[in-house]
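This report describes selected features of a structural model. Please examine the sequence and the structure shown below before reading on.

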Amino acid sequence: MKIGIIGPGALGTFLAGIIGQDHEVILLGRKDLPLNRVRISGKTDVESSIQYSINPSDLTPCIYMIFCTKSYDTKQAVELVRPHISPDTGVISLQNGLNNERIISEFVDPERVIGGVTSHGITYRSPGEVFHAGQGYTYLGLYPKGTNEHVYGFAHILQEAGMKVEMVDNIYGHIWQKVIVNACINPLTALTGLKNGVLLEHRELRDFMEKVCYESRDVAIKHTDLPDDDILKEVERVAEMTADNHSSMLQDIQRGRRTEIDCINGAIVDAGKSVGAETPLNHLLQTLVKGRELSSLRSI
Ligand SMILES: NC(=O)c1ccc[n+]([C@@H]2O[C@H](COP(=O)([O-])OP(=O)(O)OC[C@H]3O[C@@H](n4cnc5c(N)ncnc54)[C@H](OP(=O)(O)O)[C@@H]3O)[C@@H](O)[C@H]2O)c1
C-alpha cells in the first residue's frame with residue numbers, strides 16, 4: 001500500500017519511519033534532498049527505506065495522504081497535491097490547530113477527510129533524522145464526526161506500526177481539546193521563555209492559564225462537545241507530563257521561526273467571533289506572540 005506524507009519535518013519523518021516498516025512511503029518536501037532512508041531514535045528505534053520527492057505527481061496513486069506541514073502551510077500544500085488525490089484516497093491531518101481539516105474539506109470529499117490529534121513528542125535533527133522524545137495517544141475520526149472504513153483502515157496501519165490509536169466519534173471535540181491545551185501552555189512559555197512545568201509552579205501564571213482555559217472552553221462548547229468535562233485538569237496534566245520541555249512555540253521563537261499562534265489562539269478568537277463570544281485573553285496572547293515573533297525574526 002502506498003502512503004503519501006506531506007512535510008518532511010519532525011512529525012512527517014517520524015510517521016515515514018514507522019509506517020515505512022511495512023508500507024511503501026512517499027515523503028513530499030519542498031527542498032531537493034538526497035533522501036532514501038529515515039531514522040528514528042529515542043523512545044522508538046527504527047530505520048526505514050522511503051521514497052523522497054519534491055514532485056506532487058509522485059503521490060499518485062496513494063491510498064492515504066497525511067498532512068504534516070505546520071498549520072499555516074496547510075492551504076498551500078492542499079492546493080499543490082489536490083490534483084493527485086484519487087477518489088479512493090483517505091486524507092488525514094495530524095497537525096495542531098483548529099482549521100486544518102476544514103481547509104482540507106474545501107478541496108476533498110468530506111467522506112474521506114480524517115481528523116487526528118497525536119500527543120507524541122518528536123524533535124527534528126536533520127533531513128531524515130528525528131528524535132522521539134515522548135510516547136502518546138493518537139485519536140482519529142471522520143471529520144468533524146463519525147467513523148468509516150477509511151478511518152478504520154488508517155488506524156489499523158498506525159496500530160500495526162506500534163502506535164496507540166483510538167477511533168473516536170467526535171474528533172472535532174478532541175481537536176478543540178488539544179487546541180485549548182496548546183492555547184494555554186504554548187504562548188505563555190513562548191513569551192516567558194519558561195519550560196512547561198514552571199507554569200504550574202507560579203501562582204500568577206497558573207491563574208492566568210486557568211482564565212485562558214475557561215475563556216477558550218466557553219467558545220469550544222458553543223461549537224462542539226469536549227471529550228473531558230474538566231478541561232483545566234487536562235491542561236494541568238499535559239503541563240505536568242511535559243514539565244521539562246520547551247513548547248514547540250517557544251522553540252519556534254528561539255529559532256526565529258514563525259509560530260502556529262494564528263491557528264491556535266487566533267483560531268479561538270475567530271471561533272469566538274462567529275458565535276458572539278468575547279476572547280480578550282486569547283487575543284492578547286495572539287498579539288503579544290506576534291510581536292515576539294517579529295522581534296525574533298528581525299534579530300536573526
Ligand atoms: N513535532 C511534534 O512533536 C508534533 C506532535 C504533534 C503534532 N505536531 C504538529 O504537526 C505539524 C507539523 O509539525 P512539525 O514539528 O513536524 O513541523 P516541522 O518540523 O516544521 O515540519 C513541517 C514540514 O512541512 C514542510 N512543508 C511546508 N509546506 C510544504 C509543502 N507545500 N510541501 C511539502 N512540504 C511542506 C516544511 O518544509 P520546509 O523545511 O521547506 O519549510 C517542513 O519540512 C504542526 O501542526 C505541529 O503542531 C507536531
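Which ligand atom lies 2.8 Å from a backbone N or O atom of L11? That atom is an oxygen atom of the ligand.

## Basis of the report

The model is predicted; local features need pLDDT of at least 70, side-chain atom pairs count only at pLDDT 80 or more, and totals for chains, interfaces and linings use all residues. Residues are numbered from 1 along each chain as its sequence is written, and side-chain values use heavy atoms, with hydrogens and water left out.

## Ligand surroundings

The ligand is surrounded by 28 residues, the closest being R30, K31, I122, R257 and E260.

A polar backbone atom of I122 is 2.7 Å from an oxygen atom of the ligand. For H120, a backbone N or O atom lies 3.5 Å from a ligand oxygen atom.

## Packing of α5

Helices (H or I, at least four residues) and strands (E, at least two) are DSSP runs, numbered from the N terminus. Axes are lines fitted to C-alpha atoms, for helices over the stretch in contact, and angles run from 0 to 180 degrees between N-to-C directions. Helix α5 (residues 171-192) and helix α8 (residues 231-241) have axes that come within 10 Å and cross at roughly 60 degrees. The two helices are therefore oblique to each other; angles under 35 degrees count as roughly parallel, over 145 as roughly antiparallel, 65 to 115 as roughly perpendicular and the rest as oblique. In contact (heavy atoms within 4.5 Å), Q177, I180, V181, C184 and I185 of α5 meet I231, E234, V235, V238 and A239 of α8. This contact has 8 nonpolar, 1 polar and 1 charged residues; Ala, Val, Leu, Ile, Met, Phe, Trp, Tyr, Cys and Pro count as nonpolar, Asp, Glu, Lys and Arg as charged, and the others, Gly among them, as polar.

With helix α10 (residues 265-274), α5 packs at an angle of about 125 degrees, the axes being 9 Å apart. α5 and α10 are therefore oblique as well. W176, V179, A183 and P187 of α5 meet N265, I268 and A271 of α10, a contact with 6 nonpolar, 1 polar and no charged residues.

## Packing of α7 on α8

The axes of helix α7 (residues 203-220) and α8 come within 10 Å, crossing at roughly 130 degrees. That angle makes α7 oblique to α8, and the crossing is right-handed. R206, M209, E210, C213, Y214 and R217 of α7 meet I231, L232, V235 and E236 of α8. By class, there are 6 nonpolar, no polar and 4 charged residues in the contact of α7 with α8.

## Cis peptide bonds

Most peptide bonds are trans. T60 and P61 are joined by a cis peptide bond, with omega about -10 degrees; P61 is in the loop between β5 (51-53) and β6 (64-67). The bond from Y143 to P144 is also cis, with omega near -5 degrees, and P144 lies in the loop between β11 (137-142) and α4 (149-160).

Definitions and conventions:
Near = heavy atom within 4 Å. Polar contact = N/O pair within 3.5 Å; in protein donor to acceptor, adjacent residues only side chain to side chain. Left-handed = near helix turned anticlockwise from the far one by under 90°.
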